[in-house]
Amino acid sequence: MKWLTDGENIHYGTPINPCAPDRVPGGSSSGSAVAVGAKIVDFSLGTDTGGSVRVPASYCGILGFRPSYDAVPSAGVVPLAQSFDTVGWFARDPVILSRVGHVLLQSPVMDPIKPSQVIIAEDCFQLSNIPNDRLGQVLVKSVEKIYGGHILKHMVLGDYVKEKVPSLKHFMSNEIKELEHNIPSLAALSNAMRSLERYEFKDNHSEWITTVKPELGPGISEWVWKAIRSTGENIDACHSVKTELHAALATLLQDFGILAIPTVPGLPPKLQTDPTTLEIFRAKAFSLLSIAGVSGFCQVSIPLGMYDNLPVAVSLLAKQGSDAFLLNVVESLYGTLKEQVEITEKQLAG
C-alpha cells in the first residue's frame, strides 16, 4: 500500500518517476503511471479513491482519467471506500486515452461537442505555487484559440460551494478557518470525504487489520489506525454533502460545461521528504481532489510540460456521466495546449 499522494513503498520500493527521478511518482497507482511515463506501455489502469490516478499522472507528466463514479465496473477490485472508489486509466496520447475510455465505459464513439462554457476556478489556481502564466493562462489561451474566449468564465468556486452545500457547516472546524492559503469550504469538503472514507474503510477492513495486524509503512499506519478508531460521527452529514455538491456542480456546469482547476497545488515533492513539511501541501491537494471525489464527476489531468524541470498539470471536470464528452474535449485541446506551453516557455525565457 502506498501513501496516496507520494507512492513511496517500504515493502517493494518506490517506482522511479521518469520525469524526475529524485521526486515522488505519486500514489497509490504510481507503478501504472510510471510504466506509461517511461514508455514501457501505451496505457495502464489504476484505481482512484482520493486521487490515486490524478496525482501520479500529474507527477509523471502524463494523462490520467478518473471516470464518473460507477461508470466503470469495479467488480473484483478490493474496496477501499466504496462511496468514492473508481477504476481509471493513464496514457501519453489523448487518442489512446479516448480509445481505452470507450472500451472501459462501453460507450459509443460520439461526435465532438463544443463545451458550452469553461469555468476557471480562480481561487483554486491561487492555491498553486506554480505561476499562473505557466498554468491557468496556458489553458485560457488554448481555449480562446480552439473555442473562442466567449465560453470562458471566471469564478470563486469556494464561495459557490459554501453557499450551495450547507451541510459543510458540520465539517468547518476552527482549524480550517485559521489556516493560511486555503479555501475553507473546500477544506471542509475534504474533511467530509475523509470522514466517510475512514468509516467505510473501517467497515470493510477492521476485522482483518485488528486480527492480522499487518506491518504498514509510515503515514499509512497512522491513517489506517485512525480509521479503525473512527466513530462514524456525522456520517449522515457526509452523505448530505455528497448530494448537495453533486446538485450544485450539476447546476453550475449543465450538460456540456467544464470546470478547470490545478490537479495538485504544486510540483512533485522530493523523495523521503519529512511528512510534517508536506502537511500544508497535502491539505491543499486534498481540497482540490475532493471536488470530483465527493461529486462523482469525471476528471482528467492533462500535462502542461515542465516548469523548473518538473512536470505540471491542469485538470478538467465534467458532469457525472459526461465521460465521453470530456475525453473528446481533451483530444480537441491537447495539441493547442502543447503549442501554448512552448510559446509561453519561450516568452518566459526571453
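Trainee: Which helix gives the most to the lining of the second largest pocket?

Mentor: That's α12, with six residues in the lining. Helices here are DSSP runs of H or I, at least four residues, and strands are E runs of at least two, numbered from the N terminus. Keep in mind it's a predicted model: local features need pLDDT of at least 70, side-chain atom pairs 80 or more, while totals for chains, interfaces and linings use all residues. Residues count from 1 along each chain, and side-chain values use heavy atoms, without hydrogens or water.

Trainee: And which elements each supply at least two residues of that lining?

Mentor: Strand β7 (298-307) and helix α12 (323-349).

Trainee: How many residues line the second largest pocket, and which lie nearest its centre?

Mentor: There are 19, and G61, P303, G305, Y334 and K338 lie nearest the centre.

Trainee: How do the lining residues divide into nonpolar, polar and charged?

Mentor: Eleven are nonpolar, five charged and three polar. Gly counts as polar here, while Tyr and Pro count as nonpolar.

Trainee: Which residues in α10 are buried?

Mentor: I235, A237, C238, V241, K242, E244, L245, A248, L249, L252 and L253. Buried means under 20% relative accessible area with a 1.4 Å probe, protein chains only.

Trainee: What comes just after α10?

Mentor: Q254, which takes a positive phi of about 55°.

Methods
1 Å grid on protein atoms, 1.4 Å probe; cavity = no way out; pocket = protein on both sides within 12 Å on 5 of 7 lines; lining within 4 Å. Buried < 20%, exposed > 50% of the residue type's maximum accessible area, 1.4 Å probe, protein only.
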